[in-house]
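Please take a moment to look over the sequence and the structure shown here before reading on. The briefing that follows goes through a few selected parts.

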Amino acid sequence: MLILSFESSCDETSVSVTRDGCAVLSNEVLPQIDIFKEYGGVVPEISSREHVKGITLVYKKALEDAGVTIDDIDYIAVTEGPGLIGSLLTGINAAKTVALNENKPLVGVNHLSGHIYAARIDHEIKFPCLAVVISGGHTELVIMNEDYDFNKIGSTTDDAVGEVFDKVARILGLPYPGGPLIDKIAKEGKPIYDLPRPMAHSNDYNFSFSGLKSAVSKLIADLEKDGIEYKKEDIAMSFETAVADTLYQKIKKALKEYKVKEIVVVGGSAANSKIRETLSTSFKNVEVTFPAMKYCGDNAAMIGISAYYKIQKGEIDDMSLKASSRLDL
Ligand code: KG4
Ligand code: ZN
């Protein structure tokens, strides 16, 4: 089964062709990062306009790279939410146009399910599984007993992991998006500052990262007030260590209640070196998997893979498909 998929929920315009539930034939991604560097973050109105500009080209390239024509495609998949509403609408309208013109069935895909199924690319997931979604907009722990069975057990009560990386980067004077830059400079630093692990020991599976961001601000203000020299690299490494340790503590707690065979860590911040190192070496008797780096951030291939499993459940949409900025798994 060949699926053509569209992803435009935030600041990447992406179109992909995937085969069945694990193989990627093409995955064109047009990032908008360079445009948003000068704004320090995504401007929704500009993002939608950029998607409109780029989507036709990206669509053509995805078919070309896969070596197929639109006639070979069996299904059209598209991210329906959550995400920026104007940005989502561009992908949905493109997908609907192709589906209608070419008379192909349409499948709407939840963006977070897409992130989870990025772990399925070239890899078999073992169930029951714990999915740890850490992206710019979401931080969720999800138990899956089988394919397309999502049971959310916890989420962030304020900032998401990627969001707190971006905010701490701004505090450190690094440009948007801060996650990759913090990752880079932290490699030259040491975790010498003791930062909080918010809610790490609370009696649930929820997170709170905004206090950690405030703690970093306060640490810098105190050091500067006392005239103590510091290295941004050490702050970055101390911060990353606190995030990785908080995730570790909550996952460890979840593993006591839920007997899972595999943990998949997905989303933009699953690209982080410290998080990858900490989580891949901390758990015994359970496999810990991360998608390949190129499938951690937003991309259409993960949407196509997720769509395949939705189709297996007999769930297909039609032209009434709507964009939704807040769509639960
Ligand atoms: O999943 P994603 O591409 O978009 C959303 O669905 O939100 O995630 C984007 C987030 C950004 O906040 C970015 O800073 C973060 O992922 N990110 C990272 C790294 N690379 C991207 N965070 C930490 N370390 C990284 N290496
Ligand atoms: Zn995402």
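In what order do the strands of the open sheet of five strands stand? The order is S8-S7-S6-S9-S10, and the pairing in this sheet is mixed. This is a predicted model, in which local features need pLDDT of at least 70 and side-chain atom pairs count only at pLDDT 80 or more, while totals for chains, interfaces and linings use all residues. Residues are numbered from 1 along each chain as its sequence is written, chains are lettered from A and ligands numbered from 1 in the order in which they are written, and side-chain values use heavy atoms, leaving out hydrogens and water.

**The five-stranded sheet**

- Helices (H or I, at least four residues) and strands (E, at least two) are DSSP runs numbered from the N terminus, and two strands pair if DSSP finds at least two bridges between them.
- Strands of a sheet pair through backbone hydrogen bonds, either parallel or antiparallel.
- Strand S8 (151-155) and strand S10 (287-289) stand at the edges with a single partner strand each, so one side of each has no neighbour in the sheet.
- Neighbouring strands of this sheet are turned by 20° against each other on average, direction ignored, where axes are lines fitted to C-alpha atoms, for helices over the stretch in contact, and angles run from 0 to 180 degrees between N-to-C directions.
- Strands S6 (residues 129-134) and S7 (residues 139-144) run antiparallel and are joined by six bridges, with Cys129 standing opposite Met144 in S7.
- Helix H8 (residues 232-257) packs on the sheet, where it touches S6, S7, S8 and strand S9 (262-266), and its direction makes about 155° with that of S6.

- S1 and S2 pair in the antiparallel sense over six bridges, a hairpin joins them through four residues, and Ser14 in S2 is the bridge partner of Glu7.
- S2 and S3 also pair in the antiparallel sense, over eight bridges, and the bridge partner of Val15 in S3 is Glu28.
- The hairpin of S2 and S3 has three residues between the strands, and Asp20 in the turn has a positive phi of about 50°.
- S2 is largely enclosed by the rest of the structure, because seven of its eight residues are buried (under 20% relative accessible area, with exposed over 50% and partly exposed in between, using a 1.4 Å probe and protein chains only).

**Helix H2**

- The 23 residues of H2 should span 33 Å at 1.5 Å a residue, and the end C-alpha atoms are 30 Å apart, which agrees; the expected span is 1.5 Å times one less than the number of residues.
- H2 bends by about 45° at Gly54, the bend being the angle between axes fitted to the seven residues ending there and the seven starting there.
- The buried residues of H2 pack against strands S1 (2-7), S2 (12-19) and S3 (23-31) and helices H1 (33-37) and H3 (85-102).
- Ala62 in H2 (residues 44-66) is buried with a relative accessible area of 0%, and, leaving aside its neighbours within four places in sequence, is in contact (heavy atoms within 4.5 Å) with Val15, Ser16, Val17, Ser26 and Glu28.
- Just after H2, Gly67 takes a positive phi of about 70°.

**Thr79 in strand S4**

- Thr79 is found in strand S4 (residues 75-81) and is buried, with a relative accessible area of 1%.
- The side chain of Thr79 makes a polar contact with the side chain of Glu7 (2.6 Å); a polar contact is a pair of N or O atoms within 3.5 Å, where within protein one must be able to donate a hydrogen and the other to accept it, and residues adjacent in sequence count only if both atoms are side-chain atoms.
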